[in-house]
Amino acid sequence: MRNTKDEAAEVLQAEASSENGRAWEAGTAHGNDARSGTSEGKGPRDHVLAVERAVERLRALGVRMTPQRYAILNYLYTHHEHPTAEEIYQALASEYPSMSVATVYNNLKVFKEAGLIQELTFGDQASRYDANPEDHYHVVCVVCGKVEDLPYTPYFEVEDEAARRLGYQVLDHKLVIYGICPDCQRKGLVPSRRKRGEEDL
């Protein structure tokens with residue numbers, strides 16, 4: 001099984017040999033089934049294409065791809081638990097001993113500025129990062145802290161209704177639903193009083 005370092009090496013080698021990045025695409029195409037951490041309903045090829053598009057976006061903005069940068073990007077696109085910077089660091093540190101938490105934060109900032117990811121903040125918790133930059137809702141478990149996407153189609157209807165009823169020029173809106181996830185329910189876990197107070201539940 002190929003690891004992230006192998007994939008990153010292919011990216012760097014392809015960039016050196018092909019100005020338009022086609023060699024990079026050819027170099028990774030044969031390893032599509034080697035990626036792990038796929039989410040339900042998403043095949044390995046979906047993640048490969050997403051990472052390819054993200055790399056092309058970064059290159060178009062003049063961002064140089066490094067093995068560590070590629071590893072962080074790949075992790076975000078193959079793990080959909082909305083990880084924190086610390087979680088990303090812990091997952092990649094053994095493979096990249098020279099990587100620091102600061103390296104992760106700096107790269108996440110680059111990805112955010114490139115419009116590739118969202119930074120999610122929930123109260124006093126550490127920021128989480130979502131590789132889906134499109135507008136959508138989130139559901140947060142107040143017991144374990146899990147964050148999940150809520151595919152709710154009428155996202156913009158709420159903004160239209162606010163504008164119609166109150167006359168606002170709506171710029172943006174966010175909706176976060178707090179609850180207890182199925183796993184925590186099965187375990188009989190409940191939120192602590194402190195968590196309830198922090199989340200105003």
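**Close-up views of a predicted model**

**View 1. H82, a buried loop residue.** H82 counts as buried, at 2% relative accessibility (buried means under 20% relative accessible area, with a 1.4 Å probe and protein chains only). You will find H82 in the loop between α4 (67–78) and α5; helices here are DSSP runs of H or I with at least four residues, strands are runs of E with at least two, and both are numbered from the N terminus. Although H82 is not a glycine, its phi is positive, at about 55°.

This is a predicted model, in which local features need pLDDT of at least 70 and side-chain atom pairs count only at pLDDT 80 or more, while totals for chains, interfaces and linings use all residues. Residues are numbered from 1 along each chain as its sequence is written, and side-chain values use heavy atoms, leaving out hydrogens and water.

**View 2. M99 and its contacts.** M99 sits in the loop between α5 (85–92) and α6 (101–113). With a relative accessible area of 3%, M99 is buried. Beyond its neighbours within four places in sequence, M99 is in contact with Q68, I72, Y89, L92 and V104 (contact means heavy atoms within 4.5 Å). From M99 to Y89, the C-alpha to C-alpha distance is 7.6 Å, and the two are 10 residues apart in sequence.

**View 3. The chain around these sites.** The protein chain has nine helices and five strands, running α-α-α-α-α-α-β-β-β-β-α-β-α-α from the N terminus on. Of its 201 residues, 39% count as buried. Among contacts in the protein chain with a separation of 6 or more, 54% come from residues 24 or more positions apart.

Terms used: Buried means under 20% relative accessible area, exposed over 50%, partly exposed in between (1.4 Å probe, protein chains only).
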